[in-house]
Amino acid sequence: MSKILIICSCPRTNKDLSELLSGVGYEIFPATDEQQAISQAEELCPDIAIIDTSSPGINISNICKNLKLQNKTNDTQIILLTSKDSSSEEVLVGADGYITKPFNENILIATVNAHLRIKKLLDILYTNNNELAKSLYQLNVLYSTSSQLAGTLDKSKLINIMNNGLEKSLNFSLCHALVINEPENATLIINSLHPISKRLEEGLKLRALIGYKSLFEDSELPFSLSINNINPEINIKNNEGLFDLDILVWDRLFSSINTSDQFFGTVEIIREDRFTGEDSTCFQTVVKQVSLPLESALFYEELKKTNVKLEKLERLKSEFISIVSHELRTPITSIKSSLDMLLSGRMGGISDTQGNFLSLAQRNIDRLSGIINDLLDLSKIEAGKMEYRFAPCNIIEPVKFVLSSFEHLAKKKNIAIKLETGTEELKVNGDTARIEQVVSNLVSNAIKFTPENGEIRVKIEEIGDRAKVSLTDNGIGIKKEDMPKVFDKFQQIESSLTRKVGGTGLGLPIAKQLVEAHGGEIWFESEFEKGSTFSFIIPVLREDIYAKSNINS
Ligand code: ADP
């Protein structure tokens with residue numbers, strides 16, 4: 001029922017107005033002095049206040065100001081009952097309407113009705129406006145929460161961002177998030193406006209546990225959990241006051257934190273005021289927002305753990321290779337020198353058959369020692385222990401030297417090796433022995449993977465400020481799908497020729513590391529069954545810069 005406050009010091013007029021308006025169904029509250037009028041207005045929040053301006057002892061502008069300045073009554077419609085002699089402009093300014101005395105009853109009722117309608121419309125407008133402002137605010141919080149969530153993969157930071165978002169958008173008094181780390185290990189993060197009693201802390205643990213179990217009533221729990229496995233982590237906002245068990249009957253919103261594949265925990269917020277449907281939607285949205293980054297955080301954690309394990313394995317493997325190759329080198333050297341000695345005839349004559357067997361043994365021991373040297377080199381490079389003797393050198397020299405040492409092998413397969421150089425000298429700052437090793441690995445591959453009667457072209461050229469060496473063969477080539485594996489350790493591409501010629505899959509990874517140690521790059525182009533070109537570049541030595549850096553060092 002609409003409430004009307006009648007402020008008039010004349011008891012007769014007050015009575016007449018009260019009878020008239022209660023007669024048409026309004027609830028009437030009469031006030032005969034200023035003090036009574038102000039306290040009634042504050043207590044009742046009337047829809048309409050009718051003020052008789054010819055009431056001695058009542059300051060009309062005071063009452064108008066008071067009503068308009070109070071939050072509860074600022075939309076109360078003020079209608080002045082004026083007589084010609086009492087209407088002052090100052091008073092009229094604060095009012096919403098007026099009726100002159102003596103008043104016509106029908107006009108009075110019609111004016112009151114019209115103002116009631118205005119009041120109702122204003123109420124609707126305020127409510128809509130407030131809801132709109134609240135929704136906008138919540139939207140803003142959601143937006144800033146989601147952008148913060150995107151910036152981290154730390155699990156506890158993510159939960160904190162969620163709690164902050166919930167606090168800002170839903171103004172809770174207490175929030176508790178049960179985060180399950182692993183079976184029988186959970187953290188209960190409690191964010192409370194005021195300190196909490198020990199009883200409430202225990203109550204929240206129990207409530208979180210029951211909430212969690214209620215989610216899986218008929219099925220098995222994803223993590224087994226008892227109350228003793230829950231470790232509370234309490235954050236208090238304001239150190240005054242104390243929350244006790246009674247806040248557990250306040251309004252609450254509860255949700256599980258999960259994605260379709262993963263369960264992380266639960267969250268509940270509590271406050272005295274009731275939550276609206278929109279609050280609940282906002283709550284669910286914030287909680288949902290955190291689930292995906294939590295899943296990413298979990299994967300990231302697992303990835304980090306696996307990475308640490310892999311690094312450890314890789315280290316162990318390198319150590320193992322280095323130890324074993326060292327241990328093998330000594331006996332191999334002594335076998336080699338014994339074979340050399342026997343083959344030289346200094347230990348007595350040997351028959352042809354014996355000689356053939358000894359030569360076979362010598363070839364195999366040479367191969368074995370090559371493999372061991374490769375393994376040792378790679379483990380040294382990977383441990384950063386490879387030593388380089390950089391010095392100015394003409395890159396054409398080591399290339400020529402390697403080609404001549406492979407001449408014999410190439411001839412056996414009737415493979416022609418052609419060298420093209422535009423110049424006699426191309427200086428680089430390099431370790432000659434390592435450059436020889438790179439070229440040697442490439443030439444040996446080119447010979448290995450080129451059938452008899454093939455051809456290998458070696459080109460040395462200066463391109464800009466780099467020396468480029470490229471080896472082109474017309475051998476078996478490499479299939480597109482195998483190309484990414486070529487520079488990987490221990491990788492051999494399956495082919496009948498690979499099986500026949502053998503190898504370790506270490507030549508190219510070593511070459512790559514050595515070229516990179518010279519500040520260069522190595523790459524290849526290949527067409528299956530047509531041939532391959534392996535190239536590398538090393539910066540050309542600029543004598544002036546080299547001289548300067550030597551003086552400085
Ligand atoms: P290895 O020669 O000991 O097998 P590498 O690391 O030198 O090991 O080479 C890796 C693989 O790359 C070889 O097994 C071979 O399959 C391929 N490959 C290298 N060079 C050539 C080439 N010139 N032609 C065709 N395939 C090649």
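## Asn453 and the basis of the model

Asn453 is exposed, with a relative accessible area of 55%; here exposed means over 50% relative accessible area, buried under 20%, and partly exposed in between, computed with a 1.4 Å probe on protein chains only. The phi angle of Asn453 is near 65°, a positive value in a residue other than glycine. Asn453 is found in the loop between H11 and E14, where helices (H or I, at least four residues) and strands (E, at least two) are DSSP runs numbered from the N terminus.

This is a predicted model, in which local features need pLDDT of at least 70 and side-chain atom pairs count only at pLDDT 80 or more, while totals for chains, interfaces and linings use all residues. Residues are numbered from 1 along each chain as its sequence is written, and side-chain values use heavy atoms, with hydrogens and water left out.

## Other backbone features

Most residues other than glycine have a negative phi, and most peptide bonds are trans. Asn171, which is not a glycine, has a positive phi of about 50°. Asn171 lies in the loop between helix H6 (155–170) and strand E6 (174–182), and its relative accessibility of 59% places it among the exposed residues.

The peptide bond joining Lys101 and Pro102 is cis, with omega about -5°. Pro102 belongs to the loop between strand E5 (97–100) and helix H5 (105–149).

Helix H11 covers residues 432–448, which is 17 residues. From its first C-alpha to its last, H11 reaches 24 Å, close to the 24 Å expected at 1.5 Å a residue; the expected span is 1.5 Å times one less than the number of residues. The buried residues of H11 are Arg434, Ile435, Gln437, Val438, Val439, Asn441, Leu442, Val443, Asn445, Ala446 and Ile447. An α-helix has 3.6 residues a turn, so residues three or four places apart point the same way.

The N-terminal end of H11 is capped by Asp431, whose side chain places an oxygen 3.1 Å from the backbone nitrogen of Ala433. The backbone nitrogen of Asp431 in turn lies 3.0 Å from a polar atom of the His518 side chain. Such a polar contact is a pair of N or O atoms within 3.5 Å; within protein, one must be able to donate a hydrogen and the other to accept it, and residues adjacent in sequence count only if both atoms are side-chain atoms. His518 is buried, at 8% relative accessibility, and is placed in the loop between H13 and strand E16 (521–527).

## Packing of H9 and H13

Two packed helices are described by the angle between their axes and the distance between the axes. Helix H9 (residues 352–382) packs against helix H13 (residues 507–517) at an angle of about 40°, with their axes 10 Å apart. That angle makes H9 oblique to H13.

Axes are lines fitted to C-alpha atoms, for helices over the stretch in contact, and angles run from 0 to 180 degrees between N-to-C directions. Angles under 35 degrees count as roughly parallel, over 145 as roughly antiparallel, 65 to 115 as roughly perpendicular and the rest as oblique.

## Salt bridges

The whole structure holds 27 salt bridges, each a side-chain nitrogen of Lys or Arg within 4 Å of a carboxyl oxygen of Asp or Glu. One of them joins the side chains of Asp251 and Arg274 at 4.0 Å, N to O. Asp251 lies in strand E9 (residues 251–258) and Arg274 in the loop between strand E10 (263–271) and helix H8 (277–344), so this pair ties together parts that are 23 residues apart in sequence. Asp251 is buried at 16% relative accessibility, whereas Arg274 is exposed at 64%.

Glu455 and Lys418 form another salt bridge, at 2.7 Å from N to O. This pair links distant parts of the chain, with Glu455 in strand E14 (residues 455–463) and Lys418 in strand E12 (residues 416–421), 37 residues apart. Glu455 is partly exposed at 26%, and Lys418 is partly exposed at 42%.

Ser526 lies in strand E16 and is buried, with a relative accessible area of 18%. Its side chain reaches the backbone nitrogen of Ile478 at 2.8 Å, and a polar contact of 3.0 Å joins the side chains of Ser526 and Ser532.

Glu527 and Lys530 meet through their side chains in a salt bridge of 3.5 Å, N to O. Glu527 is partly exposed at 46%, and Lys530 is exposed at 57%.
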